[in-house]
Each structure stands twice: as structure tokens, then as C-alpha cells.
Amino acid sequence: MDKFLQAAIDEAKKGLAAGGIPIGSVLVIDGEILGRGHNQRVQKGSTVLHAEMDCLENTGRIKAADYKRATLYSTLSPCDMCSGTVLLYGIPKVVIGENKTFCGPEEYVKSRGVQLDVVDDPECYQLMQSFIQTNPELWNEDIGE
């Protein structure tokens with residue numbers, strides 16, 4: 001198991017333990033985690049704090065050149081909002097735990113030059129499936145349905 005994806009999974013579990021949606025993310029530059037986050041829409045009553053957005057918020061301000069050396073890890077395929085942020089800051093690589101539960105605009109993101117690595121991790125998938133079975137309305141709210 002990739003240690004950075006494991007860190008994202010740990011974030012997802014933290015979010016679940018706090019009553020939220022189990023999606024986690026970390027931002028890595030030069031082999032070091034600069035930021036961590038998990039979906040906090042429930043916990044903070046936020047409309048935008050998906051895991052990737054929370055991760056980037058927790059990273060704080062960094063130089064544009066630093067983003068260009070970064071890899072964003074996410075336990076679930078990033079949605080339109082989070083993918084747009086990847087494009088905005090020029091993050092060149094995203095490692096995705098799984099994209100069966102939800103698949104964001106991956107083809108578009110790839111067409112813009114971002115490398116996407118889909119790991120198809122069973123733990124990421126199971127976390128989401130278990131959550132959705134017990135909280136379908138919350139999941140639908142999170143993805144805008």
C-alpha cells in the first residue's frame with residue numbers, strides 16, 4: 001500500500017468517526033505531506049469542504065511553482081469542483097483510491113494534461129459502499145443529487 005494513499009484513507013476514517021462522509025485527501029510535494037483533509041460538509045455545515053478542498057485549505061498558501069510539483073491523493077475520484085481546483089493550481093498528478101462509487105470529470109482533467117492514477121483500492125471502495133448503504137440521503141446531498 002502506498003503510504004500517501006494510506007494517509008488519505010486515514011483522513012477518510014477520521015471524517016467518518018466525526019460523523020462525516022468518509023473521503024480523505026493529502027497533498028504531497030517532494031515526498032512530504034504538506035496538507036491533509038477530509039470531507040467536512042457535515043461537521044462544519046459547509047457547502048465546499050470536500051476532502052480535496054479541506055486538504056488544500058489545510059495546506060495553506062504555497063507558491064504556484066510548488067503546486068506544479070505536487071501530487072494530490074484522494075480516496076475517491078474528485079468532483080467537478082475539486083477537479084477544477086486541480087486545474088486552477090496546475091497540480092500535475094492525482095492519485096485516486098477508487099472511481100467506481102463516483103467518477104468525476106476524469107477524461108476532461110486528463111485532456112488538460114493532468115496524470116490520473118486510479119488505484120482501485122478495495123478499502124476505499126468498501127468505506128464508501130458501507131457509508132452509502134447507511135446514509136444514502138447524505139451521499140446524494142454531497143454529490144448534488
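1. Helix 1 (residues 3-17) and helix 7 (residues 122-134) have axes that come within 11 Å and cross at roughly 15 degrees. Helix 1 is therefore roughly parallel to helix 7 (angles under 35 degrees count as roughly parallel). Helices are DSSP runs (H or I) of at least four residues, numbered from the N terminus. Axes are lines fitted to C-alpha atoms over the stretch in contact, with angles from 0 to 180 degrees between N-to-C directions.

2. The model is predicted: local features need pLDDT of at least 70, and side-chain atom pairs count only at pLDDT 80 or more, while totals for chains, interfaces and linings use all residues. Residues are numbered from 1 along each chain as its sequence is written, and side-chain values use heavy atoms, leaving out hydrogens and water.

3. In helix 1, Leu5, Gln6, Ile9, Ala12, Lys13 and Leu16 meet Glu123, Cys124, Leu127 and Phe131 of helix 7 (contact means heavy atoms within 4.5 Å).

4. Glu123 forms a salt bridge with Lys13, with the closest N and O atoms 2.6 Å apart (a side-chain nitrogen of Lys or Arg within 4 Å of a carboxyl oxygen of Asp or Glu). Glu123 lies in helix 7 and Lys13 in helix 1, so the pair ties together parts 110 residues apart in sequence. Glu123 is partly exposed, at 29% relative accessible area (partly exposed lies between buried, under 20%, and exposed, over 50%, with a 1.4 Å probe and protein chains only).

5. The whole structure holds seven salt bridges. Among them, Arg69 and Asp66 meet at 2.7 Å, N to O, and Asp30, Asp66 and Arg69 are linked in a network.

Technical notes: Helix = DSSP H or I, 4+ residues; strand = E, 2+ residues; numbered from the N terminus. Parallel < 35°, antiparallel > 145°, perpendicular 65-115°, else oblique.
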